[in-house]
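The following note is intended for a colleague who is meeting this structure for the first time. Please read the numbered points alongside the sequence and the model.

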Amino acid sequence: MKKDFQIRLDATLYECWEDLPADYRQLILEARKATDESYAPYSQFHVGAAILLADGSMLRANNQENASYPCGACAEQSLLYYYGTRAKQSPIVAMAITARRAGSQEFIKITPCGKCRQVMLETYHRQKQAYVILLEYGKGQFLSLPSIEVLLPCNFNPEVLQENNP
Ligand SMILES: [Zn+2]
């Protein structure tokens, strides 16, 4: 028997800066600040990420490239691994991702790569709590997603491992 089904993508598009809640604006500014500190001499593509924690604090990081390209790290991974190294963290409530090209202050549309989505998913399972993903979406717009799960449907997760372990 064959059964077709659809996977829903719940998202909110903020069409301008003024539409964003104040805490999201702050988080995006923090992520944008992180692009100034990124190391992207090869791609010239500066990505910044920032997380808002339940205690109100924020952390930020960015992409770190390498002459041996695969050794580089995306902003999202740099940030979440750094976050993961700190014991007894307050949980993440939101994560913002932004990008711009070298020499430009125009922030452009960005969406996390597949590997970053998997790392973001692990953080979700680790803290057992969904967090909002806020993406710079180009032309002054922002896309908000309620959880990494909507960006990575049919994902590989801890339950898959458990179900397949005797
Ligand atoms: Zn990535």
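1. Gln89 touches Leu53, Leu59 and Tyr83, leaving aside residues up to four places away in sequence; contact here means heavy atoms within 4.5 Å. The side chain of Gln89 also reaches the backbone oxygen of Tyr83 at 3.5 Å.

2. This is a predicted model, in which local features need pLDDT of at least 70 and side-chain atom pairs count only at pLDDT 80 or more, while totals for chains, interfaces and linings use all residues. Residues are numbered from 1 along each chain as its sequence is written, and side-chain values use heavy atoms, with hydrogens and water left out.

3. Gln89 lies in the loop between helix H2 (75-85) and strand S4 (92-101); helices (H or I, at least four residues) and strands (E, at least two) are DSSP runs, numbered from the N terminus. Gln89 is partly exposed, with a relative accessible area of 21%; buried means under 20%, exposed over 50% and partly exposed in between (1.4 Å probe, protein chains only).

4. Strand S5 (residues 132-136) is largely enclosed by the rest of the structure, because five of its five residues are buried. Val132, Leu134 and Glu136 point one way from S5, and Ile133 and Leu135 the other way.

5. S4 and S5 pair in the parallel sense over four bridges, where pairing requires that DSSP finds at least two bridges between two strands. Met95 has Ile133 as its bridge partner in S5.

6. S5 and strand S6 (residues 142-145) run antiparallel and are joined by four bridges. The two strands form a hairpin with five residues between them, and Gly138 in the turn has a positive phi of about 80 degrees.

Methods: A polar contact is a pair of N or O atoms within 3.5 Å; within protein, one must be able to donate a hydrogen and the other to accept it, and residues adjacent in sequence count only if both atoms are side-chain atoms.
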